[in-house]
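Biologist: I would like to learn how to read a structure like this one. Could we go through it feature by feature?

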Amino acid sequence: MKSLFYLKIIVMVGMLIGIIYSIRSMNAGKVQTAFEALGIQSGNHQNPGFQAANRPLQPGEENFNLCQTRVHAIAWSPERKVEEERDGLKLRWMAFDPQPRELNYMAIEKWLSAHCQVAVMPIPSPTVGYRPLITIQYIDGKDLKIEIGTDGTYLAQLEKPKVFSSQDLTDALKELEGIAQFSRSAR
């Protein structure tokens with residue numbers, strides 16, 4: 001019994017030495033290499049650095065962060081939206097079109113995980129008329145309004161307007177409409 005106790009102490013001390021060695025041997029170059037192997041780019045304040053759409057950015061593209069904080073709702077109009085509701089400790093995603101229906105919670109969370117960062121091609125300035133497309137509402141009460149132009153470009157209303165084209169965003173929104181099973185006539 002005493003030898004088992006000493007064996008546990010020796011194993012724990014060995015593990016502690018291994019952890020300390022690992023921490024001390026880490027440097028910025030090794031961490032960057034590990035992140036790149038996982039498909040993660042270095043980021044900045046606006047873009048935390050995850051690769052959009054699980055693919056490398058093309059020349060001229062940049063990441064656009066749709067999830068500045070936890071998303072509460074994505075609304076095409078007040079009657080047509082996907083919204084997270086809380087009932088005590090239970091959370092659920094609901095689709096309104098205009099009738100409410102519960103969605104598969106994990107399907108929406110997977111969608112958010114896959115599409116919080118989308119690849120966009122910046123465009124210097126808007127050249128066409130824009131109409132409202134979606135409003136992303138966050139749990140802190142802030143909104144991100146995205147409009148679409150007649151030429152298919154997007155205008156995001158941030159601190160300063162950002163104009164871009166993005167097939168990733170177009171595909172992501174179509175995917176979300178499919179998950180929500182929105183009727184075609186309401187578009």
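Biologist: What is the mean pLDDT of the chain?

Modeller: The general idea is that where pLDDT is low, the predicted coordinates should not be read in detail. Here the chain has a mean pLDDT of 83, with 84% of its residues at 70 or more. Residues 44-48 stay under 50, and the model has 10 contacts beyond four places in sequence for them.

Biologist: How many helices and strands are in the chain?

Modeller: The chain has four helices and 10 strands. Their order along the sequence is α-α-β-β-β-β-β-α-β-β-β-β-β-α. To see how the sequence folds back on itself, look at contacts between residues at least 6 apart: 51% of these join residues at least 24 apart.

Biologist: Next, the interior. What share of the residues counts as buried?

Modeller: Of the 187 residues, 34% count as buried. The largest nonpolar core has 32 residues, and Phe64, Val82, Ile136 and Ile146 have the most contacts inside it.

Biologist: Which element gives the most to this core?

Modeller: Several elements each supply at least two residues of the core, including strand 2 (71-77), helix 3 (105-115), strand 7 (130-138) and strand 8 (143-149). Helix 4 gives the most, with five residues.

Biologist: How many salt bridges does the structure hold?

Modeller: Side chains of opposite charge can pair when their charged atoms come close. This structure holds eight salt bridges. In one of them, the side chains of Arg70 and Glu109 meet at 2.8 Å, N to O.

Biologist: Which parts does the pair of Arg70 and Glu109 tie together?

Modeller: Arg70 lies in the loop between strand 1 (62-65) and strand 2, and Glu109 in helix 3, so the pair ties together parts 39 residues apart in sequence. Arg70 is partly exposed, because its relative accessibility is 29%. Glu109 has a relative accessible area of 19%, and the cut-off for buried is under 20%, so Glu109 counts as buried.

Biologist: Where do Asp97 and Arg80 lie?

Modeller: Their side chains meet in a salt bridge at 3.4 Å, N to O. Asp97 is in the loop between strand 4 and strand 5 (100-102), and Arg80 is in strand 3 (residues 80-87), so this pair ties together parts 17 residues apart in sequence. Both Asp97 and Arg80 are buried.

Biologist: How far apart in sequence are the parts tied together by Arg80 and Glu177?

Modeller: The side chains of Arg80 and Glu177 also form a salt bridge, at 3.3 Å, N to O. Arg80 lies in strand 3 and Glu177 in helix 4, so the pair ties together parts that are 97 residues apart in sequence. Arg80 has a relative accessible area of 5% and is buried; Glu177, at 10%, is buried too.

Key
Residues are numbered from 1 along each chain as its sequence is written. This is a predicted model: local features need pLDDT of at least 70, side-chain atom pairs count only at pLDDT 80 or more; totals for chains, interfaces and linings use all residues. Side-chain values use heavy atoms; hydrogens and water are left out. pLDDT is the predictor's confidence in each residue, from 0 to 100. Contact means heavy atoms within 4.5 Å. A nonpolar core is a set of buried Ala, Val, Leu, Ile, Met, Phe, Trp, Tyr and Cys residues joined through side-chain atoms within 4.5 Å. Buried means under 20% relative accessible area, exposed over 50%, partly exposed in between (1.4 Å probe, protein chains only). A salt bridge is a side-chain nitrogen of Lys or Arg within 4 Å of a carboxyl oxygen of Asp or Glu.
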